[in-house]
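My notes are below, in the order I looked things up.

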Amino acid sequence: MGTKQRKAQRKRQVGLHAKRLSEHDSRTKAAAKAKATIKKKKKDDQVKEAPKAHSSLFFQFNSNLKPPYQLLLDTNFINMSIQMKLDIFKSAMECLLAKCVPCITDCVYGELEKLGTRHRLALRLAKDPRFQRLTCQHKGIYADDCIHSRVEAHRCYIVCTNDKDLKRRIRKVPGVPIMSVARGMFKVERVPEQIDKVPIKSNWGKDK
Ligand SMILES: [Zn+2]
């Protein structure tokens, strides 16, 4: 190969290199930008489905709740109230100042049966005819899921539990009060104000 030929070849090669777009070329960036905007547009076009608000709810106020209140009991709530020596009927009535109907779902009952002899008192309590039994028709036997799905479908219950995780889950459902066992009494959260703040001893006329 002569020097002339070599030079010509070199020139061609240089030319080839020069034709390639650099990574930081504005034209490549423009193409990427266009792609990104298309992607964003597609994302914006997607319909977001928010859960529909219940017809009985006005903000957080649930007009379905009125006495007699239906209490959805959890296994650990029953065990705790036995441990604290609290009568469920009496304590719930003292807490809400109204008649309450404790309800036990099949899943909770099954869980109580599975707990064994250490919790046989809870099982015996669950067999009380004053407790309302709720039959389940869903898949699975996990009590937390059972209670959560029930509450989502029908906003007419007060959930009774001492379980932190279940409480956290129920708090995300608007309009569902939570009752739990505190020291020596039941406490309830997220009920409409007029139930929550009624003083047991009336102070009316004692101001002066
Ligand atoms: Zn169930």
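These entries go from the whole chain to the sheet, then to a few residues.

**Entry 1: ground rules.** I'm working with a predicted model, where local features need pLDDT of at least 70, side-chain atom pairs count only at pLDDT 80 or more, and totals for chains, interfaces and linings use all residues. Residues are numbered from 1 along each chain as its sequence is written.

**Entry 2: the whole chain.** I counted up the secondary structure and got nine helices and eight strands. Helices here are DSSP runs of H or I with at least four residues, strands are runs of E with at least two, and both are numbered from the N terminus. Next I looked up burial: 24% of the 208 residues are buried. A residue is buried if 20 or more other C-beta atoms lie within 10 Å of its own, exposed if 12 or fewer, and partly exposed in between, with C-beta atoms placed from the backbone. Then contacts: of those between residues at least 6 apart in sequence, 66% join residues at least 24 apart. A contact means that two C-beta atoms, placed from the backbone, lie within 7 Å.

**Entry 3: the sheet.** In which order do the strands of the open sheet lie? I read off S5-S4-S3-S6-S7-S8, six strands with mixed pairing. Strands pair if DSSP finds at least two bridges between them. S5 (132–134) and S8 are the edge strands, each pairing on one side only. Neighbouring strands are turned by 30° against each other on average, direction ignored. For such angles, axes are lines fitted to C-alpha atoms (for helices over the stretch in contact), and the values run from 0 to 180 degrees between N-to-C directions.

Entry 4: I started at S5, which pairs with S4 in the parallel sense over three bridges. Thr105 has Leu134 as its bridge partner in S5.

**Entry 5: strand S3.** Is S3 (residues 69–73) mostly covered or mostly open? Mostly covered: four of its five residues are buried. S3 pairs in the parallel sense with S4 (residues 100–105) over four bridges, and S3 also pairs in the parallel sense with S6 (residues 157–160) over four bridges. Leu72 shows both pairings, with Cys103 as its partner in S4 and Val159 as its partner in S6.

Entry 6: Why does Leu71 count as buried? Because it has 26 C-beta neighbours inside 10 Å. Leaving aside neighbours within four places in sequence, Leu71 is in contact with residues including Ala92, Val101, Ile158 and Met179. The C-alpha atoms of Leu71 and Tyr157 are separated by 5.7 Å, although the two are 86 residues apart along the chain. Val159, not counting residues up to four places away, touches Leu72, Ile147, Val151, Ile170, Val176 and Ile178.

**Entry 7: the hairpin.** At the other end I found S7 (residues 178–181) and S8 (residues 186–189), which run antiparallel and are joined by four bridges. Val181 stands opposite Phe186. The two strands form a hairpin with four residues between them, and Gly184 in the turn has a positive phi of about 75°.

**Entry 8: helix H5.** In H5 (residues 106–115), I listed Cys107, Val108, Tyr109, Glu111 and Leu112 as buried. Their cover includes S3, H3 (75–83), S4, H6 (120–126) and H7 (143–153). After H5 comes Gly116, with a positive phi near 90°.

Entry 9: Which non-glycine residues did I note with a positive phi? Lys85 is one, at about 60°, and Leu97 is another, at about 55°. Lys85 sits in the loop between H3 and H4 (88–96), and Leu97 is in the loop between H4 and S4. Lys85 is exposed because 8 other C-beta atoms lie within 10 Å, and Leu97 is exposed with 10.
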